[in-house]
Amino acid sequence: MNKEPLIRKQEWDEIHDDSYKALSKEEMDALRAAKPHNFASMNSWWIVLSQVALTLIIASACFVFSIQADKSVYTYSALVGGLIGFLPSALFLVRLEAAKKNVKSSPGGYLAAVVSGEFLKIVATALLFIAFALKQPDLKWIPLLVTYFATLKCYLLAWFWR
């Protein structure tokens with residue numbers, strides 16, 4: 001038999017006063033002035049640029065370290081993997097840039113742009129994988145996938161750079 005006291009349901013349902021605090025505009029401005037690094041935003045196009053740069057670095061490494069007979073195939077596969085990584089990201093950003101112009105008139109429209117942009121990104125990624133798999137059967141999947149996953153990790157690196 002459990003000897004621990006039973007916790008009343010009301011204790012879990014109570015909201016404590018110190019659990020959150022709404023800040024006034026003056027308090028928020030003071031917080032921004034005290035910790036500007038916490039509120040700094042990063043230009044999203046830098047992430048796409050870093051994806052392109054990482055793609056070129058990995059493709060160069062594939063060119064340098066692959067055997068002579070397969071240099072072009074490995075390099076091309078790495079470039080395709082990077083393209084599949086950064087092209088949908090660029091399409092997503094173009095969609096968001098187009099929606100920023102209409103934010104004032106419809107705030108819900110920006111949320112719809114984020115959702116539709118993410119859907120566009122997923123569909124574009126799937127279509128690019130399928131198209132390159134069908135049209136280029138001689139692709140090497142290891143460099144393609146390594147470069148693709150490396151471009152996805154640029155989002156994580158951007159989080160740490162911030």
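Colleague: What makes the protein α-α-α-α-α-α-α from the N terminus on?

Modeller: Helices are DSSP runs of H or I with at least four residues, strands are runs of E with at least two, and both are numbered from the N terminus. The protein has seven helices and zero strands, and its elements therefore run α-α-α-α-α-α-α. Residues are numbered from 1 along each chain as its sequence is written. In this predicted model, local features need pLDDT of at least 70.

Colleague: Why is the reach of helix H6 called close to the expected one?

Modeller: The expected span is 1.5 Å times one less than the number of residues. Helix H6 (residues 141-152) has twelve residues, and its reach from first C-alpha to last is 16 Å, against an expected 16 Å.

Colleague: Which residues of H6 are called buried?

Modeller: Buried means under 20% relative accessible area, with a 1.4 Å probe and protein chains only. Pro 143, Leu 144, Thr 147, Tyr 148, Ala 150 and Thr 151 of H6 are buried.

Colleague: How do you know on which side of H6 they lie?

Modeller: The arc is taken from the directions from the helix axis to the C-beta atoms. These residues cover an arc of only 165°, which puts them on the same side of H6.

Colleague: What covers the buried residues of H6?

Modeller: Contact means heavy atoms within 4.5 Å. The cover includes helix H3 (44-65), helix H4 (71-100), helix H5 (107-135) and helix H7 (154-161).

How values were computed: This is a predicted model: local features need pLDDT of at least 70, side-chain atom pairs count only at pLDDT 80 or more; totals for chains, interfaces and linings use all residues. Side-chain values use heavy atoms; hydrogens and water are left out. Buried means under 20% relative accessible area, exposed over 50%, partly exposed in between (1.4 Å probe, protein chains only).
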